[in-house]
Structures are given as structure tokens and as C-alpha cells.
Amino acid sequence: MPLTSAAVAGAAGFAAALATGASAVVVGAAAGVTAALLAVVSLVVAAGRIAPRRGAVAAWRWLAAGALAWLIGVGLRPVADDVAFAVTFADLPVLVGTVLLAGGAWLAAGARPQGHALLRYITDSYLCAASLFVLAWVVVLGPVYREIDDSSAFVVPLLAPMVCLVAACAVGPAVVAARAPGWPVGLAGLAVLAATTGGELATGVARLAGEDPPIAAVWLAPVAFLLLAAAPWSGGRVRSVDALAAPDPEAVPDPEGDNDGVRATAGPVVAGLVAGAPLTLVALATGFVLSDVIRGGVEAPVPLISTVIASVVLVLLLRLFVLLAEGARLRRLVRLGERQLRELAESTGDVVLLCDHEGVISEIGDAVETVYGYRPADLLGGSIFDYIHPEDAPAIRAALRDLELDDDPPEQSDACLIACRVRAADGTWRPTESVATRHLRGEDLLMISARDISDQEALRNQVAHLTFHDGVTGLPNRAYFEERTREVLAGRSTGRSAVIFLDLDGFTAVNDSVGHASGDYLLGQAARRLRSAVRSDDTLARWGGDEFAVLVESNLEAQAVVDLAERLVRAVSQEPFRVADRDIALTGSVGVAFAEDGVPSADLIRNADVAMARAKEQGGRRVEVFAAHMHADVVRRLELAADLQRALLDRQFAVEYQPIVDLATSRVTAVEALVRWWRGSTFVPPEQFLGPAEDTGLIVPLSEWILRESCREVAAWRASSWDIGLSVNLSARQITAPRFVETVSEALAESGLPPSALTLEVIEEMLVEDAEETITRLSELRELGVRLAIDDFGTGYASLAYLRQLPVDMIKIDPSFVSGLGRDDTLSLLTRTIVRLGHDLGLIVVAEGIERPEQLELLREMGCTRGQGYLVARPMAARGVASLIRTSLQSTA
């Protein structure tokens, strides 16, 4: 930045002084000019490059302008030394520079006091300046004044230092208290003002005494300006000790945006020092004046010092008035805040009260009458512990004692949360949640906000009840039963605990016939019957669906537990349930499992469930006690079901065919398709895997594969001019499958087998279970041209009735009847009757299980036309059937 002509003149003056043999004072002044010039350059460059905010640019430029004006004034002083005035024209740039430096420091601080804060700031600044002036008078200026004894000659030389003092005190509190970005620059500016004040004071005193100023005073300014030159490059924000102790100082919004939206403030320690500095300086100045008066240093106060002291008193009175007004305003705000807080709390139904640490009530809100039924006047002076449940009182006394012993100020103390029961006016104990805090008006007072949570507690209890109880029967649910079983087994030392599972046989039909609402009503009746059958110390729960569980917790003999299980069966089976204006008879299947050492609760419950499933498989209305092999059987069935699924994907199944022959000619008329499973090299009998396949639903895809495979094979034989039919067994699940009829039709169409060549066999039990749906599906098959046969005829239920409803083409006599031919007259008579019945109805009669020659002869004699069995032909692969058919055709030819 180029120097002005005045600066050049000042530099020339210094050069001339140095050329003639400069003194130490001149050298110091030259150093000050150089340091100020460095500060000017540093601030201008930094303002254009690294200013942290918009306001910092203006602040740094003001500081640069102030430093430039100061160096011009100081540079001109050697030239103005010959002027016969106490204040020369060189002092004017110094004064201007002082004002500019103060303005820059003010802008760097980012201070914006307003209203009462501005008035307080002005009074504090004046008190600081006046007190420092009085101190300077007593220490330095008073003795000089007494020696000169000329007020006009005394005042003029001190004009410059007084202006510097006022400027420094005007911006000092704002700069020290602020923590805005770039704050070190403002602090360095304040240091320059302080150094300038000291230097100008020393210069003025030296002028009055006709001497050179002290060397230390001359070098204050250069050092301060060097700090100002380095401050912009100090790396950002500097924090005081108390700011470091509080990492997040309070941030005040900056409405003018000079501080990027936020104006930082100092920590509490610095703020307290700044606030106490004016009064401290006043007290110090007062002490010095009194000390000087006592020593006799002041004979009569001069007008100037008298005016300053009087103004300090007036300002102190003004500040006292402001503080009183501010205190009154704050008290009004506190009372208003208390009233609003109480109104807010009471509007939410809370009861607000004030009490001491012993619980004595001094104030209480009107809401106590609405919430608890007490009149507020009746509670004043009483203790809160008169209304708190005795079991809760000790903990609350301890909590209040902790609040009393807490040394933190009220605004920093933590709230104390209290949960207790409070007696209402009607004598009931109300669950209550309260918050206790120390009151701001006094450390001996506590403010408590209490809320009646009876409704919330009732809701919480209801939720807990619903979580662990069944909504239909009111019994404990599965979650409760499992948890209770774990607790009982964990605490069991001796004796035997047991778990009983009960399932209502036939309950599914209840929901299907009368609806789920009526089914729930029946479950409620069953729960009441079971509750009356178990003992009071046993746990009865609804496990889920139509299953119930009983935990026998007390020590009982094994036979007593079995007797209890049988009572449960009788409870649900002896009398029918009355539901939807009808009587519904149900039975129960019960499983019992006894606890053993090392068996966890989950396994005990599982064992009882397995035993119950076994009882259900055995026909129901019975009790089964768990044995180890039951679980092994279940595991084997699960493994078998998994292997079945893999076998279906890996095509491990094969179809064998058992010929059906004309008993009169021995000609093969049809074959029955039978599935075989080779698991690796092991043959699995059909009776071992067909049941699990039916239970898991895998029977449906397996049966579809058998149907398609056998239709394709028989169609190929018929294409070779072999007039042969096919019989395929149907499963219950296959008939009820969604696309059952379409699957049969597709298999016939894909293979080219005529529908009349296909006979589908059903057992009589299928006609009884879901008879309407089964008959409808079979009738649709009959319309396709497929023939129907009743397998194992004579062993089921109501066979004759369904013979009338179904268009049956064939009946197959069960092997149990054929096995008794020639040995059991009754079986022989029954077989003859079935054959005659078939003939009378125009049906084809096929005898199954022919194994002995005498059976074959008797069947021929009875007129049975067709048969199958090991005597006639064993099941064989497709190649064997082809060979047998050729042999049959050749023998016939």
C-alpha cells in the first residue's frame, strides 16, 4: 500500500533526525512507524484473502486506516517539534488514528448491545475511563499539576491521551467479552489502543516537564503494532481458559449477518470479569483518592478531578437505578413464568405444589381438588408424606435429601423423578408420577409437578394381561405357559412336574358348520370345563387353535397325573356343547410328558405335543404318555418327508403294474398301477411313505406323476393291439386338489389313452369325509368317460348308500374277505353276498388278494369274473407285463 505524502514527509523527518544523531526516543518512534506500516500492509492483504466473515473485512480495513493515520502523526512529530504549541498539527492524525483503531476493534468484536444492555455498556465504559483517569491523577498527574499550577497549560497536552483512554474503555469490554471469528485481531487492536494511551500519556507528561518520554513508553506502540500485524495470520479463533472448559459457548444470533449468522460470546469466567471490572476500578480509584487525601497529597480538589468524581457518583446512581429497574423487571418475569408454568401444568391435569425438603407444603394448585379431591386450603402446612403410601415414603425422602445436598445452583441441578402411590380423598391409592426440582426463589423450596397415571397404569396392566392371556378364553396364552414352564423347571429340586396337552377332536368341523364366532364360544365353554377339572395350583393355558395345555407344578405321582389327564378327556367328552341352538359332541386327545433331569422346558412341551398327536392318530378320546420312541418316530417321519421331496425331484420313484385277469380265461384285462420307491439301493415299502406323503401334501404331485406315467405306458400297449385297461388309486388330497379333474383330462389327452380304459379307485372312507365335494368331483370324472371303482369294498361306512349316488362301474372285494375263503364260513358267505350284490347292480366284481388255489376255485364258483393277487400275478415292471400279455394272447390263440 503506497504511503501518502504526509507519510513520506514523516519518514523524511525521521531520516533527518537520524542523520543529525538520533536519540533513543527517535529510534523508538522510528520503530513504531515501521511496525505500524507492517500492520497496515498485513491487515490490507489479510482483508482481501483470509477474512473469516464479511464484518471482519471492514474491521481490518478500519484498523489499517487507524494504523496509517497514527504512523503519519508520529512521523510528523519530529518536524513539528519546533512549533511552539503544546498540541501540534502532528497530534491530529494520532487522534484520528486512535478513533479509527477503536472503530476497527469494535467491528472486530461484533458487539451489538441494544436497549438496557446499551445503557449499561455506556455507563460501564465511562466508569472504567473515569476510574483509570482518577488513578492516573493520583499516581502521575496530581504531582505534575501541583508543580505547574497552570490549568490551561496542563489540560491541553493531556487531550490526546484522554481521547485514547476514552476510546480504549469504550471498546475494551466488547472486545474482551466477544469470541467472534477473527477475535485476535480485535484484541490486538485493543492492545494498540492501550499502548497508545500509555505512550501518549507519557509523551504529554514529558512535554509538561520539558523532558523526553521514558524509553519503555516509547516502545509500547511498536510492540503492539507488531502484534496487530501478526494477529490476522494467527490461525483463526483463540479461546480463553474458561471457553476451553466449556467447549460449546453460548451462541447469540447475529441479525446483521456480519458474523455468518452467529455471534459468539465469552464463557462465564470472562463475562463475570468484564461485568465486575467497572465497580472494581471505581473501588480501586476511591481507595487511592482516600489514601492520597489521608497523606495530605490533595489540598483542595481541582475543578477537573471534582467534576470527574461527581460524574462517577452520578453514573453509579444511574446504574443502580437501572439495576433496580432491571431486577424488578426480572422478578415480574419470574412471577409470570411461574404462573404460566403452573397454568400449563394444570392444563395438562398436573398438580403443582411448593414444599420444603421435609415435605411441608407452602403452595399448591387448584388442580389438586379435581385430581385427588382435596381442597388446596386443607393441604397447606401439611406434609406430602401424610398422603404418600408408607412403602414409597423412604425412597422419596432419600430423593429429596439428595436434592438438598446437591451443591449445584438451582438452574443446573437435575430433576428428580418420583414414582409413588398417593391417597386420594376417596381413600383409593392412585399411581402418580412426579418431577421435583429446586425452586429458583430459594434453595429451601422444591417445586413438584405430580400427575395421576391411574388410566395409564390400567392401560399398561391391560396390555400386559393381553400379552400373556388369550382373548377368547381368558386363559394364559402360549407365551405365558412357556415362561411359566421355564420358571417351574428352573426352581424344581425334587418331585416330578408334568405337561399335559389336550386337543379337541373334530373341532375344525365346528368352525366350518356354525362359523368361527360359535367356535370361539365353544372354546370358552371348553376352557371353563377344563378349569374346573384341574387343581388350583396347576397352570391351564390355551396353546392355540383347539389345543390346551396344563402345567402340573406340584409333586404328583405319575398315576395321579394320568388320572388328571383322563379327567380332562371326560370333561370335554361326557356332555355335548350347546352352540348355535344345537348340541355338538366333541372328544379330546391328550398327551402327557413328565419332566426329567436335563430336559429343557421346550423339549418337555414338545414331548407332550408328540404324545397328544399319537393319541389323535390312535383314534382320539384317549390318553398317551410320551415315550422316547414317539419322538424318534416323529423325527423319522420328518426326515422321510424331506427325502420324499428330494426323491420326487430326482425321479427315484418307479411304477409297477399288477395284472387283473379274467378268472374264467386267465386273460389279462387290466393292470393296477402301484408306486415303488428305491432310496438308493434300499427298497422303501409303500406303507412307510404313503402316509407321510399324504400328510405333507406330496401325494398330490406324486399321484399326478403316477397317473401320467401309467397312462403313457398303457396307451403304448393298446397301440400294439392289446386291449388292456388301467386302474389307478386316488388319494383324498388328490381328489380335493384345485385342478384334479383338469389333471386327469390332460393326462388322457397327452397319452392318447381312451377315458373308458381308465379306472380310478377310491376307498369308502373318502366318500364319508367331505362326501358332497368328493361325489361332485367323481361325477365330473364320470362325465369325461372315466370309470370309477370302490376299492376295499365292505370295510368302510355306508357303502350301499353311496353305490346309489355314484355311477360306479366296479367294486373290489377287500383281501380280508378273500383270505378267509375255504376256512371261514362267515367270510365265505359275506364274499358270496358281495359278488351277488355286484351282479344284481350290474357292476364288475374284482377279488383282491388271491393267494391260494382254493380261493380261486371258490371265486369262480361264486361267479366272480375278475381277480388279482400273488397266485394270479405279482406286481411287475412294464417289461414283465408286456411279456405276460404276449403269453396270455398266445395261450388264448
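Predicted model: local features only at pLDDT ≥ 70, side-chain atom pairs only at ≥ 80, totals over all residues.
1. Residues are numbered from 1 along each chain as its sequence is written, and side-chain values use heavy atoms, with hydrogens and water left out.

2. In α19 itself (residues 507–514), the buried positions are Phe507, Val510, Asn511 and Val514, buried meaning under 20% relative accessible area and exposed over 50%, with a 1.4 Å probe and protein chains only. These residues lie on the same side of α19 because they cover an arc of only 105° around the axis, the arc being that of the directions from the helix axis to the C-beta atoms. Thr508 and Asp512 are exposed, on the face turned away from the buried side.

3. The buried residues of α19 pack against β8 (498–505), α20 (516–533), β11 (577–579) and β12 (582–584), with contact taken as heavy atoms within 4.5 Å; helices (H or I, at least four residues) and strands (E, at least two) are DSSP runs, numbered from the N terminus.

4. Turning to the lining of the largest cavity, by class it has 17 nonpolar, two polar and one charged residues, where Ala, Val, Leu, Ile, Met, Phe, Trp, Tyr, Cys and Pro count as nonpolar, Asp, Glu, Lys and Arg as charged, and the others, Gly among them, as polar. The largest share of this lining, four residues, comes from β5.
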